[in-house]
Amino acid sequence: AGIAALIVWRPWQATGAAPQYRLGKVERGALSATVSASGTLAASVTVQVGSQVSGQIKELMADFNSDVQAGEVIARLDPASFESRVAQAEADLLSAQGSVEVARGNLAARQAETKRAEVALDDARRNLERKQGLVAQGFISAAELDTARAAHDSARESLALARANADVTVAQLKSSQAQVAQRQAALRQAQVDLSHTVIRSPVSGTVISRNVDVG
């Protein structure tokens, strides 16, 4: 019995036994590699978001760890003072435009006065020429000629004055137009400042810090 058991067990063959294999089907797939480490997570790109104008924070739409998209409104400043500046700039512009219209009306009046002065001077010149001919023929006295000459000289001075007034009015009109341009620029600046009270995210990302509070 012992010999039979020894023959079945055959310990001398255990160390030289054939290797064991596990078979499997060959398939195509992705390889994955995992690295474990510890450290501090830092953003690859950090953008500081601020306001281009000074004011009190009225609303906050984003907080720490908020995901935001580029162009999304994340805060608003109190717009009251900026709206009043826009209103004041609009009023100043309307006033300047009114001054332009007044200057244009004055210029039209001065131009009309200049036309009347030119007509009066032409009439005085013709009257003087007639009187000179009549004096030469002895039909009127020299005093009447002197009166005609004085009227001609007065008409000439009136025309010069009318032209000078027209030139002054033209200068006033140009000054008023320049004021309009200045008021328009001031209004545009006030409108830009008002638009800056709405603070938008310049990039898409995650908020990692908030340094302001409402008020």
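A crossing of two helices is called left-handed if the near helix is turned anticlockwise from the far one by less than a right angle. In this predicted model, the crossing of helices α2 and α3 is left-handed in that sense.

The axes of α2, which spans residues 80–137, and α3, which spans residues 142–195, come within 6 Å and cross at roughly 165 degrees. Because angles over 145 degrees count as roughly antiparallel, the two helices are therefore roughly antiparallel to each other. The residues of the contact of α2 with α3 divide into 28 that are nonpolar, 16 that are polar and 16 that are charged.

Charged side chains also take part in specific pairs, and a search of the whole structure finds ten salt bridges. One of the ten joins R76 to E59, and this pair links distant parts of the chain, since R76 lies in strand β3 (residues 73–77) and E59 in strand β1 (residues 57–60), 17 residues apart. A contact of another kind involves R85, whose charged end sits over the ring of F82. The distances for these two pairs are set out below.

| Pair | Kind of contact | Distance |
|---|---|---|
| R76 and E59 | salt bridge | 3.5 Å between the closest N and O atoms |
| R85 and F82 | charge over a ring | 5.0 Å from the charged end to the ring centre |

As for pairing between rings, the structure holds zero aromatic pairs.

Notes: Residues numbered from 1 in each chain as written. Predicted model: local features only at pLDDT ≥ 70, side-chain atom pairs only at ≥ 80, totals over all residues. Heavy atoms only, no water. Phe/Tyr/Trp six-rings, centres within 6.5 Å; stacked < 30°, edge-to-face > 60°. Lys NZ or Arg CZ within 6 Å of the ring centre and 35° of its normal. Axes fitted to C-alpha atoms, helices over the stretch in contact; angles between N-to-C directions. Helix = DSSP H or I, 4+ residues; strand = E, 2+ residues; numbered from the N terminus. Parallel < 35°, antiparallel > 145°, perpendicular 65-115°, else oblique. Nonpolar A, V, L, I, M, F, W, Y, C, P; charged D, E, K, R; others polar. Salt bridge = Lys/Arg side-chain N within 4 Å of Asp/Glu carboxyl O.
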